Amino acid sequence: MYAIIDIETTGGSPRHERITEIAIYIFDGENIIKEYSTLVNPERSIPYFITNLTGITNEMVADAPRFYEIARDIVELTEGMTFVAHNARFDYGFIRQEFKNLGYNFSRRLLDTVSLARKLLPGHKSYSLGRLCNDLDIRINGRHRAAGDALATVELLKLLLATEKERGELLSSKARNSMLNPALDTSVIDRLPEEPGVYYFYNKDNKLIYIGKSKNIKNRVLSHLSNNRSKRAMEMKENIVTIDWELTGNELIALLKESEEIKREKPVYNRAQRRTGFQWGIYQYTNNNGYICFEYDSLKDEGNLLSVFTSKERARSELGRLIEKYSLCQKFCGLYSSKGSCFHHQVGLCKGACTGDEVAASYNLRAREAMNAYVFSSENFFMIDRGRNENERSVIKITRGKYCGYGFFDINEMGFGLESVHDSIKASPDNRDIQIIIKSYLKNNRVEKIINF
């Protein structure tokens with residue numbers, strides 16, 4: 001049984017926006033047996049551009065029920081159903097967040113008609129609902145309204161199910177669970193959390209065979225259990241008898257915990273784990289004349305690593321950007337090789353560090369400014385981010401530029417200063433991989449707070 005769902009919202013972020021309309025069609029694979037549709041008062045103003053897209057105005061939702069007033073209806077309608085939507089992560093994410101705001105963990109099996117359409121109906125230029133339905137002659141009565149889009153998704157799912165049946169494939173869990181170890185209790189799959197954390201696979205002898213991390217544990221574990229792409233993946237899948245996990249509250253703690261535990265436990269299927277995507281780095285050193293220099297190279301254990309990159313070209317490009325922004329010397333950044341001056345000095349863009357015309361003290365001021373973008377802004381600080389529940393925060397401790405460990409603390413204990421934060425830290429080893437994880441994460445993500453101490 002399927003619950004085909006579509007929502008309209010005040011914007012694109014589940015954490016900051018709200019639902020304005022929801023439609024649910026209960027579908028048994030052949031017929032709609034129940035339907036539900038209502039506007040929802042989002043308890044905030046609807047932006048003009050959203051009204052322009054959906055036609056839903058503030059006046060229309062003023063007297064509509066608030067989400068908490070319809071929450072029970074949604075739970076009862078979807079109980080035991082597979083949650084189906086086009087781009088399901090969007091609709092599911094919003095509904096889960098609305099329930100999370102009410103202190104309830106809404107969890108359903110998930111089916112995304114975008115992913116299924118890409119698999120069964122390859123070759124379309126676009127898999128957006130409007131364009132795909134146009135290609136398939138599925139009429140949408142009320143585009144960008146919950147009921148119209150949900151009903152079109154019902155027709156799309158009906159077509160996809162028929163297509164899959166023709167190919168002799170099954171959408172049921174039997175297909176997903178084929179080739180799994182018969183001793184694996186598959187009911188654990190429905191209990192897997194859709195939150196950040198680390199997960200563990202054990203074999204029949206209760207030996208740890210794999211450690212992984214994910215922002216969504218359930219999705220990642222399901223991907224392992226349906227992975228038939230390689231002999232090794234299928235072999236691991238067949239050996240999984242027990243699945244365990246630990247929530248971390250956010251991705252960075254999951255990354256650090258995974259790295260530390262793989263090094264300590266050395267699970268057999270992690271030995272061939274994919275290498276980190278970061279294979280190139282920018283290094284810093286001081287030459288014999290006292291000038292700060294940079295170079296790019298493949299990752300190595302020695303050297304003062306400033307930043308990491310997925311390719312040689314990206315590392316080289318970043319050095320080129322630093323040269324332009326901070327008026328650095330091409331030779332001292334490893335991008336120009338000659339006995340004389342660099343090319344930029346010849347055209348007036350380099351101030352002459354490569355010829356001795358600019359003294360090291362002057363040049364190094366700009367070089368250090370460039371370095372500051374890649375080193376911790378303070379030697380001693382805490383990185384505070386989301387915890388495993390509303391009253392908890394995670395913390396990572398850096399002392400003298402070195403990683404000390406991580407922990408969790410209750411925000412209600414913060415009134416007595418940082419002592420409880422220090423006490424919460426679980427000591428962990430620092431190494432090159434940990435430094436890469438933290439620096440690359442901070443480069444691309446924001447944490448809630450940095451506290452110097």
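Modeller: Let us begin with Ser-428, which touches Glu-260, Tyr-403, Cys-404, Gly-405 and Tyr-406, residues up to four places away in sequence being left out. Please bear in mind that the model is a predicted one.

Biologist: Where does Ser-428 lie?

Modeller: Ser-428 lies in the loop between strand E15 (426-427) and helix H17 (432-444).

Biologist: Why is Ser-428 called buried?

Modeller: A residue is called buried when its relative accessible area is under 20%. Ser-428 has a relative accessibility of 10%, and therefore it counts as buried.

Biologist: What makes the link between the side chains of Ser-428 and Glu-260 a polar contact?

Modeller: The two side chains are joined at 3.1 Å. The cut-off for a pair of N or O atoms is 3.5 Å, and within protein one atom must be able to donate a hydrogen and the other to accept it. The link between Ser-428 and Glu-260 is therefore classed as a polar contact.

Biologist: Glu-260 belongs to helix H12. How do you know that the span of H12 is close to the expected one?

Modeller: Helix H12 covers residues 251-265, which are 15 residues. From the first C-alpha to the last, H12 reaches 21 Å, and 21 Å is also what is expected at 1.5 Å a residue.

Biologist: What makes H12 a mostly covered helix?

Modeller: Of the 15 residues of H12, 12 are buried. Among them are Glu-251, Leu-252, Lys-257, Glu-258, Ser-259, Glu-260 and Ile-262.

Biologist: Why is Ser-259 called buried, and what does it touch?

Modeller: Ser-259 has a relative accessible area of 11%, and so it falls in the buried class, for which the limit is under 20%. Ser-259 is placed in helix H12. Leaving out residues up to four places away in sequence, Ser-259 touches Asp-433, Ile-434 and Ile-437.

Biologist: What is found at the start of H12, and what follows the helix?

Modeller: At the start, a side-chain oxygen of Asn-250 comes to within 3.2 Å of the backbone nitrogen of Leu-252. After the helix comes Lys-266, with a positive phi near 50°.

Biologist: Let us turn to another pair of helices. How is the packing of two helices described?

Modeller: Two packed helices are described by the angle between their axes and by the distance between those axes. For helix H3 (residues 67-78) and helix H4 (residues 88-101), the axes come within 11 Å and cross at roughly 115°. This crossing of H3 and H4 is left-handed.

Biologist: Which residues make the contact, and how do they divide by type?

Modeller: H3 contributes Phe-67, Ala-71, Ile-74 and Val-75, while H4 contributes Ile-95, Glu-98 and Phe-99. The residues of this contact divide into six nonpolar, no polar and one charged.

Biologist: Why does Ala-146 count as buried?

Modeller: Ala-146 has 0% relative accessibility and therefore counts as buried, since the limit is under 20%. The residue is placed in helix H7 (residues 146-166). Ala-146 touches Asp-6, Ile-7, Glu-8, Glu-21, Ile-22 and Ala-23, again without residues up to four places away in sequence.

Biologist: How many helices and strands does the chain have, and what share of it is buried?

Modeller: The chain has 17 helices and 16 strands. Buried residues make up 49% of its 453 residues.

Key
Residues are numbered from 1 along each chain as its sequence is written. This is a predicted model: local features need pLDDT of at least 70, side-chain atom pairs count only at pLDDT 80 or more; totals for chains, interfaces and linings use all residues. Side-chain values use heavy atoms; hydrogens and water are left out. Helices (H or I, at least four residues) and strands (E, at least two) are DSSP runs, numbered from the N terminus. The expected span of a helix is 1.5 Å times one less than its number of residues. Buried means under 20% relative accessible area, exposed over 50%, partly exposed in between (1.4 Å probe, protein chains only). Axes are lines fitted to C-alpha atoms, for helices over the stretch in contact, and angles run from 0 to 180 degrees between N-to-C directions. A crossing is left-handed if the near helix is turned anticlockwise from the far one by less than a right angle, and right-handed if clockwise. Contact means heavy atoms within 4.5 Å. Ala, Val, Leu, Ile, Met, Phe, Trp, Tyr, Cys and Pro count as nonpolar, Asp, Glu, Lys and Arg as charged, and the others, Gly among them, as polar.
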